[in-house]
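Please read it alongside the coordinates.

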Amino acid sequence: MVSSLPSLPHVPGTDASSCILDAFRIAIAKRVSDALPPLTLDQAYVGVDYGKKGVDFTVALPRFRLPGKPDELAAKVVSNFQPDDFVASITHDKQFLHFQLNNASLIREVLHQIHTLTYESPTGKPSYGTNTSGAGKKVVIEFSSPNIAKSFHVGHLRSTIIGAFLVNLYKACGWDVVSLNYLGDWGTQFGMIAVGFEKYGSQEELQKDAIKHLYDVYVKVSRDAESDPNVKVEAAQFFKRMEDGDESALVNWRVWRELSVRKYVEEYDRLNVSFDRYTGESEVGKEWQEKALEQLDQLGLITDVNGAKLVDLEQWKMGKAVLRKADGTSIYLTRDIAGAIERYERYQFDKMIYVVASQQDLHLAQFFKILHLMGFPWANRLEHVNYGLVLGMSTRKGTAVFLDQIIKEASSVMHEQMKRNEAKYNAIEDPEMVSQEVGITGIKIQDMAAKRINNYTFNWDRMLSFEGDTGPYLQYAHVRLTSMERKNPELLPLPPPSQIDTSSLADSSHARDIAILLGSYPDVVKTAMKTHEPSGVVTFAFRLSHAISSAWETLVVKGEQDLDKARARLWLYLCARDVLGAAMRLLSIRPLERM
């Protein structure tokens with residue numbers, strides 16, 4: 001659909017064909033720059049910000065540093081004002097100019113754009129909210145990265161949720177994305193498991209649930225090691241055989257790894273997460289681990305402490321870090337360094353992101369610094385996206401936390417809640433699936449609702465409530481919007497957008513609130529790209545859900561006698577459904593149609 005708005009000059013970095021609010025902002029900037037020479041259109045555009053409550057856009061005049069008092073400057077802009085298709089009014093308030101948009105144009109243009117980019121997108125996929133800022137660029141994102149044979153604990157869950165969001169976000173901004181799961185599949189714990197497996201292992205249990213069985217073996221053999229120091233010695237010897245490529249030591253390890261990955265793929269699938277590649281510490285070659293030590297030694301940064309090799313980063317206030325143990329085996333810092341070099345050789349990335357807890361801030365800083373000191377020009381393309389801790393996460397009985405236990409628990413609690421409404425429950429085709437999705441949405445939204453660096457306390461009751469800003473509330477909002485088509489079959493199919501008269505919506509403050517929120521979604525995506533924060537998208541989804549919830553009583557569809565009004569309102573709700581669904585998918589949530 002070609003916009004019916006008057007044409008405007010272009011401002012670099014804007015694209016009204018994917019974000020219609022860009023056109024309204026350019027129109028505001030043009031009024032300001034025309035009235036205040038020598039201010040250019042581009043300079044004025046940068047000064048057009050979203051307004052506070054009740055105001056669409058605001059310009060703070062002092063930021064332009066023009067000669068003259070703010071009052072005089074404001075008078076120049078306001079004096080010749082005539083409303084047009086873009087701007088309905090300007091208000092002068094101290095140093096600010098507040099602009100209200102033309103309701104009729106705003107609502108019409110936003111709904112048309114959403115419809116066009118959702119159903120007539122050139123790519124064939126819904127593309128409202130996406131942009132092409134990353135076209136031609138490649139990003140590698142490493143996230144989740146649990147340890148094989150240890151529980152998939154809550155820290156990995158945060159990395160998984162935030163990482164999956166970043167994968168979707170970068171794709172939405174046009175990047176070519178490679179998602180990696182870098183498994184903890186190497187190290188002395190495998191020596192421990194090998195020693196323990198001879199005593200406690202069971203092939204049958206291993207096939208049933210490799211992750212859980214290897215964890216149980218690890219726990220038992222660790223207990224033995226507390227009373228018998230020989231266990232650790234045997235384990236270290238076994239791992240040394242693995243490092244030296246002894247086939248008899250590797251044969252079981254390969255089976256354990258393969259079965260564990262298979263189990264992980266199932267768990268990730270439930271979370272709506274997938275990876276382009278499962279790699280791991282075991283895949284990192286020896287060559288660069290050796291070269292890294294040599295190069296750092298030549299730079300005079302290696303010290304030998306009782307046979308172990310340490311790199312000295314004190315002058316950058318990063319302490320000393322072990323690169324090789326005294327017995328000659330590698331440590332994960334060395335493997336990280338070599339792994340990054342191999343990845344650059346393989347992917348030639350423009351950026352590589354590690355989604356790792358903030359407890360590892362120093363480790364990542366040391367690792368990036370070492371690559372920098374080794375002279376790799378791409379070392380500055382590495383980025384650490386960190387996050388705080390989850391406190392108090394356990395099942396309701398307070399037992400150890402495996403991810404699948406948490407998901408099962410969330411699902412069963414939701415299932416119980418759903419059964420309370422018998423009529424609705426009976427209308428759901430697959431209540432098990434629905435209760436699992438709502439439960440997972442609860443877990444994810446609780447995780448992403450605040451800034452990622454904040455620690456948060458896991459709260460079952462809050463997370464699974466339908467009241468307040470929770471995952472179940474978002475799913476409910478989406479389901480309610482989806483039900484509008486089922487409840488109003490007499491209005492379907494809606495005529496093509498050009499034949500829907502939206503003028504009746506212009507008088508509704510509710511319709512207007514929904515429209516400006518819908519129009520801001522492409523900006524929400526761009527902001528998230530700058531901050532790597534899912535919380536901005538979560539906040540947007542809640543604001544939109546609240547705005548819709550406020551509109552139900554006044555913008556009724558069912559029972560509205562005027563068919564033009566009823567169609568316009570239905571279309572508004574369907575566009576809202578499409579955008580809320582897009583925001584949920586960006587957050588890696590599967591939007592439900594019934595619950």
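The sulfur of Cys19 lies 12 Å from the closest cysteine sulfur, that of Cys173, which is too far for a bond, given that a disulfide requires two cysteine sulfur atoms within 2.5 Å. The model discussed here is a predicted one, and zero disulfides are found in the structure.

**Cysteines**
- Cys19 is buried, with a relative accessible area of 0%.
- Cys575 likewise takes part in no disulfide, the nearest cysteine sulfur being that of Cys19 at 15 Å, and Cys575 counts as buried at 2% relative accessibility.

**The sheet and its helices**
- Five strands form an open sheet in the order β7-β6-β5-β11-β12, with parallel pairing, and the edge strands, each pairing on one side only, are β7 (277-280) and β12 (382-385).
- From one strand to the next the twist averages 25°.
- Strand β11 (residues 351-355) runs parallel to β12 and is joined to it by four bridges; Ile353 has Glu383 in β12 as its bridge partner.
- Helix α5 (residues 154-172) packs on the sheet, where it touches β5 (138-142), β6 (176-183), β11 and β12, and its direction makes about 155° with that of β11.
- Helix α13 (residues 361-373) lies across β11 and β12, running at about 180° to β12.

**The α14 and α16 pair**
- Helix α14 (residues 403-419) packs against helix α16 (residues 431-448) at an angle of about 115°, with the axes 7 Å apart, and the crossing is right-handed.
- Residues of α14 in this contact include Ile406, Ala410 and Met414, while those of α16 include Val434, Val438 and Ile443; the residues of the contact divide into 10 nonpolar, five polar and one charged.

Conventions: Residues are numbered from 1 along each chain as its sequence is written. This is a predicted model: local features need pLDDT of at least 70, side-chain atom pairs count only at pLDDT 80 or more; totals for chains, interfaces and linings use all residues. Side-chain values use heavy atoms; hydrogens and water are left out. Axes are lines fitted to C-alpha atoms, for helices over the stretch in contact, and angles run from 0 to 180 degrees between N-to-C directions. Helices (H or I, at least four residues) and strands (E, at least two) are DSSP runs, numbered from the N terminus. A crossing is left-handed if the near helix is turned anticlockwise from the far one by less than a right angle, and right-handed if clockwise. Contact means heavy atoms within 4.5 Å. Ala, Val, Leu, Ile, Met, Phe, Trp, Tyr, Cys and Pro count as nonpolar, Asp, Glu, Lys and Arg as charged, and the others, Gly among them, as polar. Buried means under 20% relative accessible area, exposed over 50%, partly exposed in between (1.4 Å probe, protein chains only). Two strands pair if DSSP finds at least two bridges between them.
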